[in-house]
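The following exercises are to be worked with the sequence and the model at hand. Each task is followed by a solution in steps.

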Amino acid sequence: MTAASVAMPVPERRRERRVPVRLPILVRGSDRGGEWFEERTASENLCRGGAAFATRYALDLGMSVEITIPNAPSKVEQDTEFSTHGRIVHLALGKNDRERIVGVEFTGPHFHRMFVSEATS
């Protein structure tokens, strides 16, 4: 590895910019051991094509999960929730040794709700 290669920035692989926002999320699926789970957690960030959230379950890259994000009903949107399926594409350490941050790419419908970054509010 040369000094020049260290200075080169790593290109962003995501197609869309993630927005840091905490919304409640319900995640369902099977863990690494094949055990069914259902967990209420919150998003770390979102974009139209994916989400990141904290989980206490052992999950692996490529696994599929079902995701539900409740919507507050509005005059424009009558749906009370957004549901989709996703494939785990990123794993990172969480705030403690029992938590992992999971990045999911939506494989079902994409998220089309407008939201504002908590960093700007």
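**Exercise 1: Overall account of the chain**

Of the 121 residues in the protein, 36% are classed as buried. This is a predicted model. Task: state which secondary-structure elements the protein contains and what share of its contacts links residues 24 or more positions apart.

Solution.
- Step 1. The protein holds one helix and six strands.
- Step 2. Along the sequence these elements follow the pattern α-β-β-β-β-β-β.
- Step 3. Among contacts with a separation of 6 or more, 54% are made by residues 24 or more positions apart.
- Step 4. The accessible surface amounts to about 8200 Å², and carbon and sulfur atoms contribute 54% of that surface.

**Exercise 2: Confidence along the chain**

Task: determine which element has the lowest mean pLDDT and which has the highest.

Solution.
- Step 1. The average pLDDT of the protein is 82, and 73% of the residues reach at least 70.
- Step 2. Of the elements, helix H1 (residues 3–7) has the lowest mean, 45, while strand S1 (residues 24–30) has the highest, 97.
- Step 3. Over residues 1–12 the pLDDT stays under 50, and the model gives this stretch one contact beyond four places in sequence.

**Exercise 3: The barrel**

Task: give the order in which the six strands close into a barrel, and then examine how S4 and S5 pair.

Solution.
- Step 1. The barrel order is S1-S2-S3-S6-S5-S4, with antiparallel pairing.
- Step 2. From one strand to the next, the twist averages 40 degrees.
- Step 3. Strand S4 (residues 64–70) pairs with strand S5 (residues 81–93) in the antiparallel sense over seven bridges.
- Step 4. Within this pairing, Thr68 is placed opposite Ser83 of S5.

**Exercise 4: The setting of Val65**

Task: decide whether Val65 counts as buried or exposed, and identify which residues it touches beyond four places in sequence.

Solution.
- Step 1. Val65 belongs to strand S4.
- Step 2. A residue is buried when its relative accessible area is under 20%.
- Step 3. Val65 has a relative accessibility of 2% and therefore counts as buried.
- Step 4. Leaving aside residues up to four places away in sequence, Val65 touches Val27, Arg28, Phe37, Thr84, His85, Gly86, Ile88 and Val104.
- Step 5. One of these partners is Ile88; the C-alpha atoms of Val65 and Ile88 are 7.7 Å apart, although 23 residues separate the two along the chain.

Terms used:
Residues are numbered from 1 along each chain as its sequence is written. This is a predicted model: local features need pLDDT of at least 70, side-chain atom pairs count only at pLDDT 80 or more; totals for chains, interfaces and linings use all residues. Side-chain values use heavy atoms; hydrogens and water are left out. Two strands pair if DSSP finds at least two bridges between them. Helices (H or I, at least four residues) and strands (E, at least two) are DSSP runs, numbered from the N terminus. Axes are lines fitted to C-alpha atoms, for helices over the stretch in contact, and angles run from 0 to 180 degrees between N-to-C directions. Buried means under 20% relative accessible area, exposed over 50%, partly exposed in between (1.4 Å probe, protein chains only). Contact means heavy atoms within 4.5 Å. Accessible areas come from the Shrake-Rupley method with a 1.4 Å probe; for residues, only the protein chains shown count as cover. pLDDT is the predictor's confidence in each residue, from 0 to 100.
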